[in-house]
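Work through the exercises below with the sequence and the model side by side. Each task is followed by a solution in steps.

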Amino acid sequence: MSVKEQLEIILWYRQQEEAKEIQIDRLLSLNESLDKIVSKQNESEKPPDIKLEDARLRIDEMIRNLRKEIIDLFGQRLRFMERFKVLKDLKQKTVMAHRYFCCNDWKKIADYLSCSVEEVKQLHDKAVCELEKNKKKSK
């Protein structure tokens with residue numbers, strides 16, 4: 001697998017993390033809604049519906065599982081970042097870290113480095129070439 005393909009996978013991991021974070025936010029909102037329902041039930045004279053408590057427990061379990069998955073995805077991205085250590089040029093390392101760890105777009109990276117988007121893309125391409133060379137040497 002080429003370095004570019006691996007980098008695309010890293011971006012995909014980040015997208016998955018973001019999707020799971022959105023799922024967690026929605027589940028937390030659902031849990032809040034359940035709390036409101038339970039408090040209204042407690043105010044009424046009817047006995048509380050046990051199924052709501054089961055739903056809350058299931059939601060909590062899903063949130064825990066999603067958080068574990070996010071940590072695993074983050075760990076995979078972090079392990080890949082170790083490969084960037086072979087880059088000697090600090091700007092190349094910065095571009096790669098901002099692009100694949102922070103998932104910043106080219107413009108944001110250019111602003112951070114106070115250079116043009118084209119310069120950032122050139123630094124990126126040079127870094128990818130360097131990583132490919134290093135990959136071939138280590139085989």
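This is a predicted model, in which local features need pLDDT of at least 70, side-chain atom pairs count only at pLDDT 80 or more, and totals for chains, interfaces and linings use all residues. Residues are numbered from 1 along each chain as its sequence is written, and side-chain values use heavy atoms, with hydrogens and water left out.

**Exercise 1. The chain as a whole**

Task: State how many helices and strands the protein chain has, and what share of its residues is buried.

Solution. 
- Step 1. Helices (H or I, at least four residues) and strands (E, at least two) are DSSP runs, numbered from the N terminus. The protein chain has five helices and zero strands, and the order from the N terminus is α-α-α-α-α.
- Step 2. Buried means under 20% relative accessible area, exposed over 50%, and partly exposed in between, with a 1.4 Å probe and protein chains only. Of the 139 residues in the protein chain, 32% are buried.
- Step 3. A contact means heavy atoms within 4.5 Å. Among contacts in the protein chain with a separation of 6 or more, 62% join residues 24 or more positions apart.

**Exercise 2. α3 against α4**

Task: Find the angle at which the axes of α3 and α4 cross, and name the residues that make the contact.

Solution. 
- Step 1. Axes are lines fitted to C-alpha atoms, for helices over the stretch in contact, and angles run from 0 to 180 degrees between N-to-C directions. The axes of α3 (residues 90–100) and α4 come within 10 Å and cross at roughly 140°.
- Step 2. Angles under 35 degrees count as roughly parallel, over 145 as roughly antiparallel, 65 to 115 as roughly perpendicular and the rest as oblique. The two helices α3 and α4 are therefore oblique to each other.
- Step 3. On the α3 side the contact uses K91, T94, V95, H98 and R99, and on the α4 side W106, I109, Y112 and L113. These residues divide into five nonpolar, two polar and two charged. Here Ala, Val, Leu, Ile, Met, Phe, Trp, Tyr, Cys and Pro count as nonpolar, Asp, Glu, Lys and Arg as charged, and the others, Gly among them, as polar.

**Exercise 3. α3 against α5**

Task: Decide how α3 is oriented to α5, and list the residues that meet.

Solution. 
- Step 1. Helix α5 covers residues 117–137, and α3 packs with α5 at an angle of about 95°, the axes being 9 Å apart. This makes α3 roughly perpendicular to α5.
- Step 2. From α3 come K91, Q92, V95, M96 and Y100, which meet V120, L123, H124, K126, A127, V128 and L131 of α5. The contact divides into eight nonpolar, two polar and two charged residues.
- Step 3. Buried residues in α3 include Q92, V95, M96 and Y100.

**Exercise 4. Two loop residues with positive phi**

Task: State where C103 and S114 lie, and give the phi of C103 and of S114.

Solution. 
- Step 1. Most residues other than glycine have a negative phi.
- Step 2. C103 lies in the loop between α3 and α4 and has a positive phi of about 60°, although C103 is not a glycine. At 24% relative accessibility, C103 counts as partly exposed.
- Step 3. S114 is in the loop between α4 and α5. S114 is not a glycine either, yet has a positive phi of about 55°. At 68% relative accessibility, S114 counts as exposed.
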